[in-house]
Amino acid sequence: MFSKTIVSLVSLALLASATPAKKAKCSKGRTASSDKCCVWFDVLDDIQENLFDGGECGEETHESLRLTFHDCITFPIGKNGGGCDGSIMAFTDIEAGFDASIGLDEIANEQRPFALKHNVSFGDFIQFAGAVGVSNCGGGPRLQFLAGRSNYSTAAPDGLIPLPEDSTDKILKRMGAAGFSPNEVVDLLASHSVAAQDHVQPSIHGSPFDSTPSEFDAQFFVETLLKGDIMPAAPGVTTLGTGEVLSPYPGELRLKSDFELARDPRTACEWQSFATNQKLMVARFEAAMKKMTTLGNNLRSLTDCSEVIPVPKAAASQKAHIPAGKTNKDIEASCKRKPFPILSVLPGPQTSISPVPPS
Ligand code: HEM
Ligand SMILES: *[C@@H]1O[C@H](CO)[C@@H](O)[C@H](O)[C@H]1NC(C)=O
Ligand SMILES: *[C@@H]1O[C@H](CO)[C@@H](O)[C@H](O)[C@H]1NC(C)=O
């Protein structure tokens, strides 16, 4: 009895020393493990209300997530330069002028005043906004957030960010140079589950890449494998945009890069593995983003403030399905090792997918 008590006291003490004490007192009675994290609670309140329209997974969220990639993937420049350094916000005129980043001036210009107001570095702000934004999507990941990136940057050179018309060889080579395996490229592309386009096919502004652009679900990995037979453009437009291929569904846009990565032997099995496993998709995305969001930074100079990132709500549907009007036979199964799983088919006629409204 006595010795048992001692044992449990000792294990309690061990437990207490393993859990970091929340010693910093932040605004609104919140606490954090480091006082360096407190400012992020204030940024959180501000951007949820005033950037993400009350915590939505809408256009600003999608653009903010895309911005994390375009700031980070400019790596390496020279020996170890570039990466997530905020340069796309400091030199927006230059970097949003790159073909791969057309349109990102909008979100960079919207975000900048928040970064200045809270006096945080541009590099930190971009990654924080992306992590908070995607936590607003149903089934979303809870991304790690490390604070402390330097505010110093220089403009990145053009040519480092993949384009949708690039060959799979070229994309995998570029991503490989930044440290990502072919499977990790697929993992990162779970982001295209909450995504739409404006500039590949401008005649259908806001056309999403899957039927559920506010849900971080696996529909993207299913729908990209459907046979494409629709000209995804406004009536009267007869040419595909650069980097655009035929789509399976009215209102949905398909990137050539997504189409090919879904079918390439190097990436098809990872792609298919998410069709019936949204949890795996989220876990792999979180792991790949952990790597991406610190490119070019020294981990030892960063502080873990992940505790500030909200816990996302569950996805509306944990199971991916075949959209209405299509069947399992429309799937172009591409993983040689494993047959494509049989999915349930949504009943009803094929309807057009609505564009993501501009906000
Ligand atoms: C293979 C590499 C990739 C290519 C070629 C690619 C290409 C594109 C293109 C062309 C668009 C449409 C932009 C527009 O017209 O408005 C887009 C949107 C988007 N991309 Fe990617 N992307 C890639 C990887 C990534 C990664 C790694 C992320 C994030 C981790 C990401 C996040 C997004 C998001 C969230 C959108 C939607 C933006 C919105 O709805 O406004 N992409 N991507
Ligand atoms: C970061 O750099 C920009 C200029 O690129 C400057 O306007 C801003 O005040 C800096 N922010 C911090 C926190 O130093
Ligand atoms: C803003 O941040 C910079 C760099 O961290 C610091 O030198 C400066 O004193 C801060 N300004 C204010 C008004 O807090």
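**Cavity, pocket and ligand in a predicted model**

Me: How much space lies in the largest cavity?
Reply: This is a predicted model. A search of the whole structure finds one cavity of 30 Å³ or more. The space in the largest cavity is about 40 Å³.

Me: Which residues line the largest cavity?
Reply: By class, the lining has four nonpolar, four polar and one charged residues. The names are Gln127, Ala131, Leu143, Gln144, Phe145, Leu146, Arg149, Thr293 and Thr294.

Me: How much space lies in the largest pocket?
Reply: The lining of this pocket is made up of 48 residues. The space in the largest pocket is about 1,100 Å³.

Me: Which residues lie nearest the centre of the largest pocket?
Reply: The lining divides into 28 nonpolar, twelve polar and eight charged residues. Nearest the centre of the pocket lie Arg66, His70, His192, Phe209 and Leu255.

Me: Which element gives the largest share of the lining of the largest pocket?
Reply: Start with the 48 residues that line the pocket. Elements giving two or more of them are α3 (59–72), α6 (104–118), α8 (168–177), α9 (182–188), β4 (196–197), α11 (256–263) and α13 (278–292). The largest share, eight residues, comes from α3.

Me: Which domains each give at least three residues to the lining of the largest pocket?
Reply: The lining includes His70 and Phe209, both among the residues nearest the pocket centre. At least three lining residues come from each of domain 1 (34–160 + 290–308) and domain 2 (168–278 + 316–330).

Me: Where does ligand 1 sit?
Reply: Around ligand 1 there are 24 residues. They divide into 15 nonpolar, six polar and three charged. The place of ligand 1 is in the largest pocket.

Me: Which element gives the most to the shell around ligand 1?
Reply: Ligand 1 sits in the largest pocket. The elements giving two or more residues to its shell are α3 and β4. With five residues, the element that gives the most is α3.

Me: Which residues come nearest to ligand 1?
Reply: The shell draws at least three residues from each of domain 1 (34–160 + 290–308) and domain 2 (168–278 + 316–330). Of the 24 residues around the ligand, those that come nearest are Ser191, His192, Ala196, Asp198 and His199.

Me: In which loop is the place of Pro76?
Reply: The peptide bond from Phe75 to Pro76 is cis. Its omega is near -10°. Pro76 is in the loop between α3 and α4 (87–90).

Me: What is the phi of Lys28 near?
Reply: Lys28 lies in the loop between β1 (24–25) and β2 (31–32). This residue is not glycine, and its phi is positive. The phi of Lys28 is near 55°.

Key: Residues numbered from 1 in each chain as written. Chains lettered and ligands numbered in written order. Predicted model: local features only at pLDDT ≥ 70, side-chain atom pairs only at ≥ 80, totals over all residues. Heavy atoms only, no water. 1 Å grid on protein atoms, 1.4 Å probe; cavity = no way out; pocket = protein on both sides within 12 Å on 5 of 7 lines; lining within 4 Å. Points joined across faces, edges and corners; volume = space filled by probe spheres on them. Helix = DSSP H or I, 4+ residues; strand = E, 2+ residues; numbered from the N terminus. Nonpolar A, V, L, I, M, F, W, Y, C, P; charged D, E, K, R; others polar. Domains from an automatic or database assignment. Near = heavy atom within 4 Å. Sits in = over half its atoms within 2 Å of the grid points.
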